[in-house]
Amino acid sequence: MNWQNVKWILLREVRDQLRDRRTAFMIFILPLLLYPLLGVSFMQFSHFLLKQPSRVLVVGARQLPEEPPLFEGERFHPSLFSEPREADLLEVTFAPEEPAAGRTPPPADPEQRRQWARRELEQGGFDAGVIFPADFSVRLARVRQMAAQRPPAGEPGAKPEPVPSPEIVLNSSKAKAEITAGWLRNALRGWSDRIGDATLQASGVPLAAARPFTPLLEQTPQDKHRRSARMWAQLFPIMMVLWAMTGAFYPAVDLCAGEKERGTLETLLSSPAKRIEIVVGKLLTIMLFSVATSMLNLLSVAATGLAVVRVMPDVGPPPWQAWIWLPVALVPVAALFSALCLALAAFARSTKEGQYYLMPLLLITMPLVLATLSPSLELTVGNAIIPVTGLCLLLRTLLEGQTTTALTMFAPVAAVTLACCYLAIRWAVEQFNSENVLFREGERLDLTLWAKQYWRERGQTPTAAAAAWCGVLILMVKFFLSLNAQLPTDFAQFAQSTIATQLLMIGLPTALVAAVSIRGVRQTFLLYWPGVRPVLAAAVMAVAFHPVVVSLQSLVMWLYPMGPNVEAVARLEAIIRQTPLWQLVLVMALLPAVCEEATFRGFILSGFRRLGHPARAVVFSALLFGFAHGFLQQTIITCLVGLIVGFLAFRSGSLLPGMVFHLIHNTLAVSLTRVDVELRKQWHALDWLLSPPGDGGLQYRVPVVIAGAVVVAVLTAWLAVRSTDPWAALSLRSPSSDREDHSP
């Protein structure tokens, strides 16, 4: 690669971008003005965010005890609130106790009293109301009198009659009703505590006996500093990622789709510079603008924050560590999103189309970023290997001052981030190396003509788009079925649920998409005899790979604990142990081996194989295979199994080895649940394979796991070299030759 050409392209693209006044304004001027203007706007509108008074109707407040007081004039007593000024937020209106001015007093019956109060709330526009029972004052006075008259020592006292509680009713049509109810609840609770204290004093019981201690919350200036650092630690990583993505997207669209519209891309491609040099030059340009946009926005936020600190004493300045770690983390983040935006922009035919791609990128990135706002999500090994999320958690931990914890997780976060950057850059290079991507022509959509052409040009195998639609349809059906799914109570319900899942969620979508997108069933679903050796190799690999899978399951459970799914898994395991083994093999091994393999290693893998990248086709089908299964832990393991089975289908050119692997693997999984102490006594060979029983469940011994991994590696290498590409005659033929039938 000629770096002089890269430098020339970089300077050309930067100069072109800086000549655009709108780009310069968005990158250099807007960040400096945006946050101060937002701060001014916030200060101007802060009046509307203040607590507004609420109107409260009080029913039955006559003859309430004067000590301790509940009301002071037309408001609640200020001593009942943590801040006395909060009493002014409740504007009290007392219901009439006697008929006057055409208004009827509330009835004594509790239900009629409640209905009367609700009508008054709606007609008078009150936010909430407090209803005291008709005999509340009498019964409260009686209880306090009985408590004051203590019986002689050794004699039982009379049991006091309980006092009915005041009721808080809400005007559901008012938005402030819930807030008002919270204020009323705190005021009445404080009044009840004061009545209890007064009653104890009247009976001669010291308050220290009833309330021996009161918990205190001690806060130091260091706690305030750490609390402020946590706030900035949550804000800065999110802003850095979002602005790095936004700052990379618009320059990428202009450098690719914009050049297509201006007609200058052909001139650049015809220059002596290689495609890789053009990509690197454009990538460095986009990274430069991404870093500049993100840093200027972060500096503007920090400057605005320093100004806010002076008027908000509870907020401290940003931690000084931010200006060390944020620039370091910004480089790989900018590289990642610059490569992604460059690849998407290269695919777009115009700047208008390119701008549409920002929303999908945001939808994918936002959950990964916003997840770090949860205080319960900490920097663990499992969270550290999640792309983008692990980096944000690492930054949050560093800015909070937990340097030791962050440094222990630096290696996995860096490895995952750099791997994502490499894959994104490689994808961008491939997009630029594809003439079909760079010079896509505009298409006008006519559904009738499109449907006729699609039906007429169906191939023997599905397209990649048809495979993707099949996977998306399966995930959608899974989502809606999971909403109505119930945990089975016996094997009959479990079998019905499993059969319905296999047929409705997996089989039916595949059949529908296949009916309208393919002509060759045999070529699509790989219905060929691969020979004896691939089938035997798949069977041996299934047996050897099972100890590895069990060990990986323990690792995944350690990285991502089950949480609320533990109870459901335990109930399913109890049902499985009580069911005959042959029934389990039919439902949990044979049926999935047929349905899932026909869908994921048949239709979907055949469709993605049309992209011309076998490894990518195997990975895509494995990912969809994993997402089609239950919870996160199962998805991870299923993806790994899907890689092995997809490799078998690809190298053999047949569906049969994958079915054999799937059947044996699931049979071993359900058989392992039958291993107990009694079976170990009958079959002593199990002690050579399995570790002693423990809390972690059945585990294979370490030598068995290592031996299984070696066998799988040897058989994988043998399958990789036994033939060149058995699918070359199946999935990459032109539509005109698809009608011929060639087996591998």
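Trainee: Is the crossing of α25 and α26 left-handed or right-handed?
Mentor: The model is predicted, so local features need pLDDT of at least 70 and side-chain atom pairs 80 or more, while totals for chains, interfaces and linings use all residues. Residues are numbered from 1 along each chain as its sequence is written, and side-chain values use heavy atoms, without hydrogens and water. A crossing is left-handed if the near helix is turned anticlockwise from the far one by less than a right angle, and right-handed if clockwise. By this rule the crossing of α25 and α26 is right-handed.

Trainee: At what angle do the axes of α25 and α26 cross?
Mentor: Helix α25 covers residues 614-627 and helix α26 residues 632-652 (helices are DSSP runs of H or I of at least four residues, strands of E of at least two, numbered from the N terminus). Their axes, which come within 8 Å, are lines fitted to C-alpha atoms over the stretch in contact, with angles from 0 to 180 degrees between N-to-C directions. The two helices are therefore oblique to each other (under 35 degrees is roughly parallel, over 145 roughly antiparallel, 65 to 115 roughly perpendicular, the rest oblique). The axes cross at roughly 140 degrees.

Trainee: How are α19 and α20 oriented to each other?
Mentor: Helix α19 (residues 464-483) and helix α20 (residues 491-517) pack with their axes 9 Å apart, at an angle of about 150 degrees. Their contact (heavy atoms within 4.5 Å) involves residues including Leu 473 and Val 477 of α19 and Ile 506 and Val 513 of α20. At that angle, α19 and α20 are therefore roughly antiparallel.

Trainee: Which residue in β5 stands opposite Val 58?
Mentor: Strand β1 covers residues 54-59 and strand β5 residues 128-131. These two strands pair in the parallel sense over 4 bridges. Opposite Val 58 in this pairing stands Val 130.

Trainee: Which residue meets Lys 282 in a salt bridge?
Mentor: A salt bridge is a side-chain nitrogen of Lys or Arg within 4 Å of a carboxyl oxygen of Asp or Glu, and here the N to O distance is 2.9 Å. The pair links helix α9 (residues 275-311), which holds Lys 282, to helix α1 (residues 3-19), 269 residues apart. The partner of Lys 282 is Glu 13.

Trainee: Is Glu 597 buried or exposed?
Mentor: Glu 597 forms a salt bridge with Arg 601, the closest N and O atoms being 2.8 Å apart. Both residues lie in helix α24 (residues 581-609), 4 residues apart, about one turn of the helix. Because its relative accessible area is 0%, Glu 597 is buried.

Conventions:
Two strands pair if DSSP finds at least two bridges between them. Buried means under 20% relative accessible area, exposed over 50%, partly exposed in between (1.4 Å probe, protein chains only).
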